[in-house]
Amino acid sequence: MQQPHDNDMTTVEGQLATPDTTTPSKPAQISLFEIFLQGIWKNNPGLCQLLGMCPLLAVTTSAANALGLGIATILVLTVSSIVIALIRKVIPAEVRIPIYVVVIASLVTVVRFEVEAYFPALYQQLGIYLALIATNCIIMGRAEAFAGRNNALRSAVDAIACGLGFTLVLFALGSIREIVGNGTFFVGASDLLGSWAAQFETQLFSIDYTLLIAILPPGGFFVLAFLIAGKNALDGRKKRLEERKSRIKSINV
């Protein structure tokens with residue numbers, strides 16, 4: 001019997017041992033709409049990630065203060081995310097965090113000066129919390145987790161969505177606490193939006209029927225807990241409906 005040549009065995013073994021050099025396909029990126037939905041609802045910074053709790057609970061004693069801080073946060077978050085996304089490829093990985101801090105702090109300083117110059121009443125109400133936007137975990141978190149890894153358009157959409165989601169929580173929290181604690185709604189809107197917004201300032205009922213605890217720190221925790229519970233209830237109901245629909249489809253098939 002003729003024995004196989006050594007080179008034939010080498011060829012066969014070489015073929016068997018050849019690793020698969022096919023490059024794995026990159027995971028598909030989620031759409032801009034999905035990014036927006038994540039920031040507004042599914043991964044809301046205030047209700048899901050529980051970030052920025054200090055200003056969230058301290059400033060939301062009225063709807064006007066909450067909206068003012070929310071607008072400032074949106075501006076800083078959006079501009080900082082765009083800037084970081086544009087320069088992300090030239091930032092050394094070892095010093096990216098200090099650079100992020102410098103960019104964010106610079107933008108916060110500009111926003112603080114603008115608010116102090118054009119909205120002095122709001123500036124007095126927000127106080128130190130306006131400057132503390134520079135240390136807000138939401139802004140630094142989005143810079144590190146998203147803006148530093150995506151292009152400017154996707155980073156802008158993510159920043160606007162997260163900023164709007166955080167602002168909605170601020171406004172809802174501030175509105176509930178103001179109504180329950182003071183019996184008013186949107187008092188101070190004219191200081192934030194101009195004289196035309198004075199028509200939204202409303203006295204709903206007498207202060208004799210209010211609950212003072214609502215505008216105290218414990219009231220902030222209570223109202224936030226109810227908001228989180230409400231979101232979880234809505235998400236749970238949606239999940240149960242989807243599971244029921246999937247079971248019905250499987251039975252019909």
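Student: How many helices and strands are in the chain?

Tutor: Helices (H or I, at least four residues) and strands (E, at least two) are DSSP runs, numbered from the N terminus. This chain has 11 helices and 2 strands. From the N terminus, the order is α-α-α-α-α-α-α-α-α-β-α-β-α. Keep in mind that this is a predicted model: local features need pLDDT of at least 70, side-chain atom pairs count only at pLDDT 80 or more, and totals for chains, interfaces and linings use all residues. Residues are numbered from 1 along each chain as its sequence is written, and side-chain values use heavy atoms, leaving out hydrogens and water.

Student: What does buried mean?

Tutor: Buried means under 20% relative accessible area, exposed means over 50%, and partly exposed lies in between (1.4 Å probe, protein chains only). Of the 253 residues here, 34% count as buried. Take Ser-155 in helix α9, residues 152-182. Ser-155 is buried because its relative accessible area is 1%.

Student: Which residues does Ser-155 touch?

Tutor: Contact means heavy atoms within 4.5 Å. Not counting residues up to four places away in sequence, Ser-155 touches Ser-81, Ala-85, Phe-146, Ala-147 and Asn-150.

Student: Where is Glu-178, and is it buried or exposed?

Tutor: Glu-178 also has its place in helix α9. It counts as buried, at 1% relative accessibility. Thr-60 is 118 residues away in sequence, but the C-alpha atoms are 8.2 Å apart. Among the contacts of Glu-178, leaving aside neighbours within four places, are Thr-61, Ser-62, Phe-185 and Val-187.

Student: How many salt bridges does a search of the whole structure find?

Tutor: Side chains of opposite charge can pair when their charged atoms come close. A salt bridge is a side-chain nitrogen of Lys or Arg within 4 Å of a carboxyl oxygen of Asp or Glu. The search finds 4. One of them joins Asp-158 and Arg-142, at 2.9 Å from N to O. This pair links distant parts of the chain: Asp-158 is in helix α9 and Arg-142 in helix α8, 16 residues apart. Both residues are buried. For Arg-142, the relative accessibility is 14%.

Student: Which residue pairs with Asp-235?

Tutor: Lys-231 does, with the closest N and O atoms 2.6 Å apart. Both lie in helix α11, 4 residues apart, about one turn of the helix. Asp-235 is partly exposed at 28%, whereas Lys-231 is buried at 4%.

Student: And Lys-42?

Tutor: Lys-42 forms a salt bridge with Glu-34, and their closest N and O atoms are 3.1 Å apart. Lys-42 is partly exposed at 40%. Glu-34 is partly exposed too, at 21%.
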